[in-house]
Amino acid sequence: MTALFGGTGPDWTPRQVPVPKPGPGQIVVRAHAVALNNADAAMLAAADPTAGGSGKEYQAGYEFAGEIAVVGDGVDTATVGQRVMGTTPAGFAQYVLADQRHVLPIPDGVDFTEACALPTGLLTEHRALTTGGYQPGQSLLITGAASSMGLIGVQIARALGAGPIVATTRSAGKHDLLKQAGADIIVVTSEQDLTQAVLDATAGEGVDLALDHVGGQTFAACLPATKVDGTVVNIGRLDTAAATIDLDALSYRHLRVHGVSFGFTRAAELGAVIAAAGQDLLPAVADGRVRPLIDSILSFNTADQAVTRLRSHRALGKIVLTVP
């Protein structure tokens, strides 16, 4: 089969490798589409031997969608021929080896190019809400809301009955996009002070729960924009991982601060997160309330163009590769 490898240069290299065989509890999926994430560009850069990287070669990718081709011993939640979407390392390949707990069924009416762009967003945004103790009807602040993850977060919040939803973007041109996704109030941070705009929109109280995709000083601005006894959850670091916060805002408001991030070393924990997201959100995916915004659809043959687009930070939504 063909798979894409990093660690050989600035771009992925296609290579012929054996089709994987499933072990106990594993499945092999014939992938039809895969989606890029920001982590893919970071991993390429870290391994690029032409630019001081490690030169350690690895099979790339995480998000995929396709049909189950083979199941291993003890698999009881998946069947051959079932359409699934999921997340696993080494996902940029014609055949993907995955833990049966790390896939979700694809609802009817959702094609593979849409489905492959959903798993990371669904599990991360849903987990952020549950970690933050979200209850229907609560007010939300979602920073970096025009990012591919942020847009999924806005849609999920709307599907689960949040309100009002305050969404931030640096670009006034993305106002209509965020409205269509389900945001009630748009804060353009290049023109408005985030904290003050949120307080103005909430009668001076702040939101019940803030979901931060940006980090840096945007994370710091979320604290005084969150109401007393509220919660701030950091999801991403689109800006920077470092922030200088006002401890008075944290303490006097009695805030709770959490972070969410998922790896594959704790397979059972990730499986539980994916299962919970699927139970709550697949109906909204099926009826169209939650769908990814697709920036572009390319192919394995033009993967170098896809990663160039990812590095540009100009993509509006997810970049998808079709698998031959």
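So, which ring does the charged end of Arg83 sit over? That would be Phe112, with the charged end 5.2 Å from the ring's centre. For a charge to sit over a ring, NZ of Lys or CZ of Arg has to be within 6 Å of the ring centre and within 35 degrees of the ring normal.

Before I go on, a word on the model. It's predicted, so local features need pLDDT of at least 70 and side-chain atom pairs count only at pLDDT 80 or more, while totals for chains, interfaces and linings use all residues. Residues are numbered from 1 along each chain as its sequence is written, and side-chain values use heavy atoms, with hydrogens and water left out.

Okay, strand 1. Helices (H or I, at least four residues) and strands (E, at least two) are DSSP runs, numbered from the N terminus. Five of the five residues in strand 1 are buried, so the rest of the structure largely encloses it. Buried is under 20% relative accessible area, exposed is over 50%, and partly exposed is in between, using a 1.4 Å probe and protein chains only. Thr2, Leu4 and Gly6 point one way, Ala3 and Phe5 the other.

Now its neighbours. Strands pair if DSSP finds at least two bridges between them. Strand 1 runs antiparallel to strand 2, with four bridges, and Ala3 has Arg15 as its bridge partner there. Arg15 also puts its charged end over the ring of Phe5, 4.5 Å from the centre. The two strands make a hairpin with six residues between them, and Gly7 in the turn has a positive phi of about 95 degrees. Strand 4 is antiparallel to strand 1 too, through two bridges, with Gly6 opposite Tyr58.

Next, the aromatic pair. Rings of Phe, Tyr and Trp (its six-membered ring) pair if their centres lie within 6.5 Å; planes under 30 degrees apart are stacked, over 60 edge-to-face, and the rest tilted. The count is one pair: Trp12 and Phe92, edge-to-face, 5.2 Å centre to centre and 90 degrees between planes. Trp12 is in the loop between strands 1 and 2 and Phe92 in the loop between strands 6 and 7, so the pair ties together parts 80 residues apart in sequence. Both are buried.

Last, helix 1, residues 38-47. Asp40, Ala41, Leu44 and Ala47 are buried there, while Ala45 and Ala46 on the other side are exposed.
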